[in-house]
Amino acid sequence: MSYKTGNVDIEPAVTDLRNRTLSRLPGDFSRLVYLASSRDYNTGQYYHDGLSFHFSEMVVSKAFAECHREVFDRLVYASLEELIEELCNYIFSTDERPEEFLKSWEHLGSYRVTIPSECDELEAEVFLSNVKMALAILQSRQKPPSQGEQSE
């Protein structure tokens with residue numbers, strides 16, 4: 001697949017980003033968070049010092065945007081079970097206690113910033129809804145069974 005935006009070929013930058021950086025992250029949710037965190041929230045531009053040594057800032061930003069969109073698409077169309085597994089992989093890759101992570105993400109909605117800038121509104125809504133459901137399911141799995149549930 002050839003990635004061209006205007007007259008600029010971003011394929012070498014996309015390949016480099018996939019092979020050197022994204023492939024080392026534990027799953028698509030980790031990749032999504034990483035890619036979103038490389039974006040300037042004021043301008044929507046992506047920055048990466050390592051890739052900027054080899055490619056222009058414009059090519060780097062477009063390559064990150066392309067990869068961000070690809071990873072997001074895989075997650076937005078994943079089954080709920082797959083999304084829960086991806087989220088679990090991400091949670092366990094952090095140094096946070098799962099119950100604190102889940103509580104924080106539910107309260108702060110941190111996952112909202114992971115949506116690509118150029119995203120269909122319906123896809124964004126589906127993603128947010130699915131992540132909320134996945135978080136609720138994971139939280140319910142964290143809680144010990146109540147007294148009534150244990151006796152059944």
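Figure 1. With a relative accessibility of 12%, E123 counts as buried, because buried denotes under 20% relative accessible area. In this predicted model, E123 forms a salt bridge with R69, and the closest N and O atoms lie 2.4 Å apart.

**Figure 2. Close-up of R97 with E99 and E100.** The side chain of R97 meets that of E99 in a salt bridge, at 2.7 Å from N to O. E99 is partly exposed, its relative accessible area being 34%. A salt bridge also joins the side chains of R97 and E100, here with an N to O distance of 3.7 Å. E100 is likewise partly exposed, at 38% relative accessible area.

Figure 3. In total, the structure holds eight salt bridges.

**Figure 4. Close-up of the largest nonpolar core.** This core comprises 38 residues, and F29, L87, W105 and F127 have the most contacts inside it. At least two core residues come from each of the helices α1 (11-21), α2 (28-37), α4 (57-76), α5 (80-93), α6 (98-108) and α7 (121-142). Helix α4 gives the most, with nine residues. In soluble globular proteins, nonpolar side chains tend to be buried together.

**Figure 5. Close-up of the surroundings of F29.** Leaving aside residues up to four places away in sequence, F29 touches L75, L83, E86, L87, Y90, W105, F127 and V131. Among these neighbours, L87, W105 and F127 are listed together with F29 as the residues with the most contacts inside the largest nonpolar core.

**Figure 6. The protein chain as context for the close-up views.** Eight helices and two strands make up the secondary structure elements of the protein chain. Read along the sequence, these elements follow the pattern β-β-α-α-α-α-α-α-α-α. The protein chain has 152 residues, of which 40% count as buried. Among contacts between residues at least 6 apart in sequence, 68% join residues at least 24 apart. The protein chain exposes about 9,200 Å², and carbon and sulfur atoms supply 49% of this area.

Note on methods. Residues numbered from 1 in each chain as written. Predicted model: local features only at pLDDT ≥ 70, side-chain atom pairs only at ≥ 80, totals over all residues. Heavy atoms only, no water. Core = buried A, V, L, I, M, F, W, Y, C linked by side-chain atoms within 4.5 Å. Buried < 20%, exposed > 50% of the residue type's maximum accessible area, 1.4 Å probe, protein only. Helix = DSSP H or I, 4+ residues; strand = E, 2+ residues; numbered from the N terminus. Contact = heavy atoms within 4.5 Å. Salt bridge = Lys/Arg side-chain N within 4 Å of Asp/Glu carboxyl O. Areas by Shrake-Rupley, 256 points an atom, 1.4 Å probe, with all protein chains shown as cover.
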